[in-house]
Every structure is written in C-alpha cells, then in structure tokens.
There are 2 protein chains.
Amino acid sequence: VIAVVCGGVGAARFLSGLLDVVEQSEVVAIVNTGDDLELYGLSISPDLDTIVYSLSGSSNAETGWGLSGETWAAMEALDRFGAPTWFRLGDRDLATHLYRTARLGEGATLSQVTAEIVSAFGLGLAVVPMSDDKVRTRVALASGEEVSFQEYFVKLAHAVRVTAVRFEGSAMAAPAPGVLEALGAAERVVIAPSNPVVSIGPVLSVPGVRDVLAARRATVSAVSPIVAGAALKGPADRLLEELGATASVGGVAKWLTGVAATLVVDRADEGRVGEVESEQMSCVVTDTVMRNRSVAARLAEVAIGGTP
Amino acid sequence: VIAVVCGGVGAARFLSGLLDVVEQSEVVAIVNTGDDLELYGLSISPDLDTIVYSLSGSSNAETGWGLSGETWAAMEALDRFGAPTWFRLGDRDLATHLYRTARLGEGATLSQVTAEIVSAFGLGLAVVPMSDDKVRTRVALASGEEVSFQEYFVKLAHAVRVTAVRFEGSAMAAPAPGVLEALGAAERVVIAPSNPVVSIGPVLSVPGVRDVLAARRATVSAVSPIVAGAALKGPADRLLEELGATASVGGVAKWLTGVAATLVVDRADEGRVGEVESEQMSCVVTDTVMRNRSVAARLAEVAIGGTP
C-alpha cells in the first residue's frame, strides 16, 4: 500500500499518475479537510471533492475546480437575494454537497460519506479525510483580521499578506479511522506536491499524524510544490516567505524534514540540491511539473522509490 | 387591511385575484408552515414559496410548483448517489432554499427571511409564516405508519388512506410576530380555498389563532375548496371523508364554522346552501373555480364582503 498525504489540485494530479503505476486498491489518499466550509447550510469539502472529481475524470478543466459540463442556475438565482456568491457552487457540484450534508445529518461520519461518494464516482482507491472532526484553517492577515481559509483563498484571491495560520479544532481532533494505520503500515508514504503550509500543514496538525510519520521518516518522501522559487499554483511561495521560511526547495525541506527523509525536486532546482541536503533530507531530481499524465506517472514512480 | 389565511396553490390564486382589487400594502397573507421540511440540510417552506413564486409571476405553470424556466442539473446529479429524489428541487428553486437556510443559520427568524424573499421577488404585500417555530404536519396512515406531510403528499402521491392528522410542535409554537395582530385588527379575514384539514388546520392549531378568529367570526369568511363534492386539486375531499366529515360544502362549513361566519361556495353548490346554513354559517354563491385572474378577482371581491 502507498499512502499519500494530500491537498487538492496538486495531489489529484499526482494521484492520477500514481494510479498508472499502482493498483487503485493499493492506494490510500489521506486528505486535508482544513479547507472545508459550511455555506448555505451545506457541508463542503473542497480537497476531497477535487480529488474525487479529478480522478474520476469529472473535473472541470476550464475552471480548475468543480465538475465538467457544469451549469450555474442556482448561483445565478441566488443573485436575486444579494447573497454572497464568491464561493461558486455549480448545480451538479451542489448535488455532492447536498448528499454529503444529508448523510452527515443522518449521523454518518465524513469518512463514511466520502467512501460513498468515492464509490458513486466509480473509484476504487481509498480516499480518507484526515479527521471526521471539524478542523478549520484560519488565516491571520496583516490587516489584523483573521479569516477562514476559503475567504483568504477564494474571496480575497490570496492577494493579501498573511501573518499566521492556525488549524482550529485540530488539537481535539481524532484522526479518521484508518489514517494512522495507513500512514504507519504503508510500504511507502508520499507527501503530495500540495501547499506545505495550508494543505499538508492541517493533516500534520492532527494528533498522531506527525509522530507516525516521524517514526518512519526514512520511507516517507515529499514532492516539492515549489519549482524554481515559485509555486506552480496558489500562494505556497508567498505563504512560506510570510511565515518565515524561504520560497524554495530548501524552504520546503525545512518545513517537512521532520516527517520525510526525501524531497523530490524539479530539474529546474538541480542547483539547489545542497539546500535540501542541509536540511537533513536526501534530494531526488526529476520532472515534477505534471503537464500531462505520463509525467505524473514517472514522478509518482520516483516518489515511491523507483529510479528517476 | 385584509388578512388571508393561506395554504399554497389555491391561496396563491385567490391572492392574485385579491391584489387586483386591494392594494398590496393592504394585504397580509398568513401562511401554513406545517408542510415545511428539511431536506439535504436545507429548510424548505413549500406554501410560502408557492405564494411568492406565484404572485411574482415566477411560478412554473407546467409543474404547478417551483419556478418557471427551471433546470434540474442538481437533482440529476443526485441520482449518482442513489439519494432519494422524490421531492424535486429545481436548480433555481434551490437558491431560495439555500438563502433561507443560510439566513436561518445566521439566526434570522423565518418571518424575517420570508420578508426578505418577498422583497427580493419584488412583492409589496406582507407574507407571514403562521409561526417562526417548527410545526410539522404528521399524517397517520391506515397502514399504521405515520409520515410527514410531504411523504404523504408527494412521495405517496396522497394515494393512501389517512386515519389521523396532527400538527407536531404546534402546542408549543408561538404565532409569528404580527399574526394575531393582523388577524385581530384586519377589516376582514378570508380563509383561502385551501385544504381545510392540512393547509388551514395547521394555522388554526397555532395557539391564539383559533380564538382571535372565533372572537371576530362575523367578519371572517372562507372560500370552499370543495366544489360539487370534489377537491379541485389535492386530497381535501378524501381527507374530509377519512376524518369523519363529508366532502361537500356542508363538510367544509362544519370544519370551519367556529372561526368563520360566511362560506363562499361555487354555483355548482347552489343546491347545498342549506347544508352550509345548518352549520350556522351564512352561504354566498358565486364562481369559485379560478380558471383565470378575473374570476379570482371577482371571487376575492365577494369574499371580502362585496356583492356577488
């Protein structure tokens, strides 16, 4: 079994490559839920949905989130009420949230509902939320305000300075059933190329996760989401700088060295191998920019310990 | 001011006629919420929405409920999960429920949210839920099972025998702000041609409502939803029979005599005036089948005490 610690888009791409080299039944994705939100009474889990939509070939290539062939009738009708519509929910995407909300209301856990959604989308891998308990990433801004992750990421388009990030509820959260077991027993753990601060960070904040990874650090590898000093997507580079690290493979290594022994970096960072090694991580150089699925598959093979 | 005690479709038609003869600002509609339900975490108020959609010209003439030009992408996507979809929610209709649910979640009352929705649909009359507290119509079936109103009405298509109806929560429910005041102070109260058992019944079950109507009974009139022994729509005729009354204008009179002094019946029931009068109600005969708006307007005029 290969366990993958996941955020959203970058992790979904990595998983699509991994599933070309490993059977679905041998993959456990452990997914950030710090981005989750409640909106209009609905329970929304963006990273879980991104992975399911993406791996099932249902994701919207145009927007980079949500479902393909999406329509927006509900959102357009919400305009009538002057309701905030900065978090865009497509009509088909809404069905996922309605189903999740209904099942949670019936007493199902987030892991149970997620397994049902994974199966409804015809997938065979295990997709597990980091916790069935509520953990919410809160972002403190230079303005003094603290906002939810989605307010930071979507509403403010992450165009604001961040002074701190915390994971509300994580100290009291239990890892979801199977999380520590999978992370402990997997042949190999890969930390996906997701934002180390706000995508991987919440998973690591769940009690027990950091310890189980630290204890088996030698067979944990991470893929750097920073290439040549910049994030391929999102604010990972700025967040690392704002929180006192550097936006570089060295900064990523510093962030993850306690829980992973190997960092996979892009060829563009060949000259920065020393920065990684000085953080007590070994460094593997390969193509990490997953412009297509075969690059993703080769990257996955390297990350799980094959040869670059 | 004219106060109208309302269910859904029949009341909406009556109100559309009333608004042709009375200023919107002079009309208060007090609406049944016993049909309300929670579905997929959403708070749904079918009778309130039917009235707002209908009066604003937004209702779906094809289905008889929901919004015109409706699409069904969310419902179709729900099929994937094998979720129950017997209660059909259109994509645009969903927006109303999302907005209502969001506002209730923020602590707004159902009356406040309803006023916002009424205003968003450009209406000027007052539409007031009978209570801001949860009252739920429960229907006991001959099978021994007890179901929610919507299960009875939509899922079972009311094709089952009913042995009893009760209004769960009504004993503890407070009338919404303004309800008793409007019913007490209105120049005239009209009980709309809605199902007397399951549409008018819940409103009358809210503490204080029956008393305030009884005290001013002389200026309360009701329009019979039963014409020539049959309901124009829905199961009012069967419900009256099943609950020990007769499906006739006499049966309606018996049901409402405590709270209204006048029953307006259709010309088809001209021969049954005596049945009404023997229930201590005066009987007015006119056209009550609202096949178009001008019939509705003439009916409204009669109901508020004009000449037939």
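The points below take up the conventions, the pairing of the chains, and then selected residues and salt bridges.

1. Conventions. This is a predicted model, in which local features need pLDDT of at least 70 and side-chain atom pairs count only at pLDDT 80 or more, while totals for chains, interfaces and linings use all residues. Residues are numbered from 1 along each chain as its sequence is written, chains are lettered from A and ligands numbered from 1 in the order in which they are written, and side-chain values use heavy atoms, with hydrogens and water left out.

2. Extent of the interface. In chain B, 23 residues are in contact with 23 residues of chain A, where contact means heavy atoms within 4.5 Å. About 2,100 Å² is buried between the two chains, and carbon and sulfur atoms give 77% of this area; buried area here is the accessible area (1.4 Å probe) that two parts lose on being put together, summed over both. B:Arg80, B:Phe81 and B:Leu98 supply 30% of the area that chain B buries against chain A, more than any other three residues.

3. Composition of the interface. Between chain B and chain A the count is zero salt bridges, a salt bridge being a side-chain nitrogen of Lys or Arg within 4 Å of a carboxyl oxygen of Asp or Glu. The elements giving two or more residues to the side of chain B that touches chain A are α3 (73–78), α4 (91–105) and α5 (110–120) of chain B, and α4(B) gives the most, with nine residues. Helices (H or I, at least four residues) and strands (E, at least two) are DSSP runs, numbered from the N terminus. By class, that side of chain B has 16 nonpolar, four polar and three charged residues, with Ala, Val, Leu, Ile, Met, Phe, Trp, Tyr, Cys and Pro counted as nonpolar, Asp, Glu, Lys and Arg as charged, and the others, Gly among them, as polar.

4. Two buried serines. A:Ser45 has its place in the loop between β4 (42–44) and α2 (46–55) of chain A and is buried, with a relative accessible area of 2%; buried means under 20% relative accessible area, exposed over 50%, and partly exposed in between (1.4 Å probe, protein chains only). The side chains of A:Ser45 and A:Asp36 are joined by a polar contact of 2.8 Å. A polar contact is a pair of N or O atoms within 3.5 Å; within protein, one must be able to donate a hydrogen and the other to accept it, and residues adjacent in sequence count only if both atoms are side-chain atoms. A:Ser248, found in the loop between α10 (236–242) and α11 (249–256) of chain A, counts as buried at 8% relative accessibility, and its side chain makes a polar contact of 2.9 Å with that of A:Thr246.

5. Helix α8 of chain A. This helix (residues 196–205) is mostly covered, nine of its 10 residues being buried. Its N-terminal end is capped by A:Asn195, of which a side-chain oxygen lies 2.9 Å from the backbone nitrogen of A:Val197.

6. Salt bridges within the chains. The structure holds 24 salt bridges over all chains. In chain B, Arg166 and Glu146 form one with closest N and O atoms 2.7 Å apart. B:Arg166 lies in strand β8 (residues 162–168) and B:Glu146 in strand β7 (residues 146–148), so the pair ties together parts that are 20 residues apart in sequence. B:Arg166 counts as partly exposed at 38% relative accessibility, as does B:Glu146 at 30%. In chain A, a network of salt bridges links A:Arg138, A:Glu146, A:Arg166 and A:Glu168.
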